[in-house]
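Student: Hi! I've just opened this one and would like a guided tour. Can we go through it together?

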Amino acid sequence: MINTVIIYTDGACRGNPGPGGWGVILSYQGNAKELYGAESHTTNNRMELMAAIQALECLNKSCFVQLNSDSSYVLKGITDWMPNWKKRGWKTAAKAPVKNEDLWRRLDAAITRHKIEWKWVKGHSGNEGNERADALANLAIDSLI
């Protein structure tokens, strides 16, 4: 896509739950921006979700986005599971509450402004964007301890 914001996201946790961090790389027309943050007690899945949320919420206007993540949880959740969760009132097929509903709802709100291509990338495989997002997530954790 022309004029697409390329985003790499990653989450990390030391212990699960434990201290966690998220990292984001945004690239647009040769310019790059890095974001990261941490929470003292969280899970890896929450940090993966938070990375995607922070990336999309920081965009000032509607964009074409290619969002790259190594999280099958985020990608399956957004592309496969969420429509049915919403139909069932944020319940799973087993009628249990959706885990991390607060963040799924926040991600659902964040995607409405953008046209997004969701792409899975293999983690820890030398992909430069994914490796840098992972490094930022770990830098965020390091800032806590």
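Student: Let's start with Ile7. Leaving aside neighbours within four places in sequence, which residues is Ile7 in contact with?
Tutor: Keep in mind that this is a predicted model. With those neighbours set aside, Ile7 is in contact with Val24, Ile25 and Leu26, with Ala55, Leu56 and Leu59, and with Val65, Gln66, Leu67 and Asn68.

Student: And which residues touch the most other members of the largest nonpolar core?
Tutor: Ile7 is one of them, along with Leu56, Val65, Trp104, Leu107 and Trp118. That core has 32 residues.

Student: Which elements give two or more residues to this core?
Tutor: The strands that do so are strand 1 (4-13), strand 2 (18-28), strand 4 (64-69) and strand 5 (115-120). The helices are helix 1 (44-57), helix 2 (72-87) and helix 3 (101-111).

Student: Where does the largest share come from?
Tutor: Helix 1, which supplies 8 residues of the core. As background, nonpolar side chains in soluble globular proteins tend to be buried together.

Student: Let's look at the strands. How do strand 1 and strand 4 pair?
Tutor: They pair in the parallel sense, over 6 bridges.

Student: Is strand 4 largely enclosed or open?
Tutor: It is largely enclosed by the rest of the structure, because 5 of its 6 residues are buried.

Student: Switching topic: how many disulfides does the structure hold?
Tutor: The structure holds 0 disulfides.

Student: Okay, charges next. How many salt bridges does the count come to?
Tutor: The count comes to 6 salt bridges. In general, side chains of opposite charge can pair when their charged atoms come close.

Student: What does Arg14 form a salt bridge with?
Tutor: Its partner is Asp142, and the closest N and O atoms are 2.9 Å apart. Arg14 lies in the loop between strand 1 and strand 2 while Asp142 lies in helix 4 (residues 128-144), so the pair ties together parts that are 128 residues apart in sequence.

Student: Are those two buried or partly exposed?
Tutor: Arg14 counts as partly exposed at 34% relative accessibility. Asp142 counts as partly exposed too, at 41%.

Student: What about Asp108, which side chain does it meet in a salt bridge?
Tutor: That of Lys86, at 3.0 Å from N to O. Asp108 sits in helix 3 and Lys86 in helix 2, so this pair ties together parts that are 22 residues apart in sequence. Asp108 counts as buried at 16% relative accessibility, whereas Lys86 counts as partly exposed at 40%.

Student: And which residue does Glu101 pair with?
Tutor: Glu101 forms a salt bridge with Arg105, with the closest N and O atoms 2.7 Å apart. Both lie in helix 3, 4 residues apart, which is about one turn of the helix.

Student: Where is Asp10 placed?
Tutor: Asp10 is in strand 1. Asp10 is buried yet has no salt bridge. The nearest side chain of opposite charge is Arg14, 11 Å away.

Student: So what does Asp10 touch?
Tutor: Not counting residues up to four places away in sequence, the residues it touches include Trp22, Met47, Glu48, Asp70, Asn130 and Asp134.

Student: Last one: where is Leu75 found?
Tutor: Leu75 is found in helix 2, and at 9% relative accessibility it counts as buried. Beyond its neighbours within four places in sequence, Leu75 is in contact with Ser69, Asp80, Trp118, Lys119 and Trp120.

Student: How far is Leu75 from Arg132?
Tutor: Their C-alpha atoms are separated by 19 Å, and the two residues are 57 residues apart along the chain.

Notes: Residues numbered from 1 in each chain as written. Predicted model: local features only at pLDDT ≥ 70, side-chain atom pairs only at ≥ 80, totals over all residues. Heavy atoms only, no water. Core = buried A, V, L, I, M, F, W, Y, C linked by side-chain atoms within 4.5 Å. Buried < 20%, exposed > 50% of the residue type's maximum accessible area, 1.4 Å probe, protein only. Contact = heavy atoms within 4.5 Å. Disulfide = S-S within 2.5 Å. Lys, Arg positive; Asp, Glu negative; His and termini not counted. Salt bridge = Lys/Arg side-chain N within 4 Å of Asp/Glu carboxyl O. Pairing = 2+ DSSP bridges.
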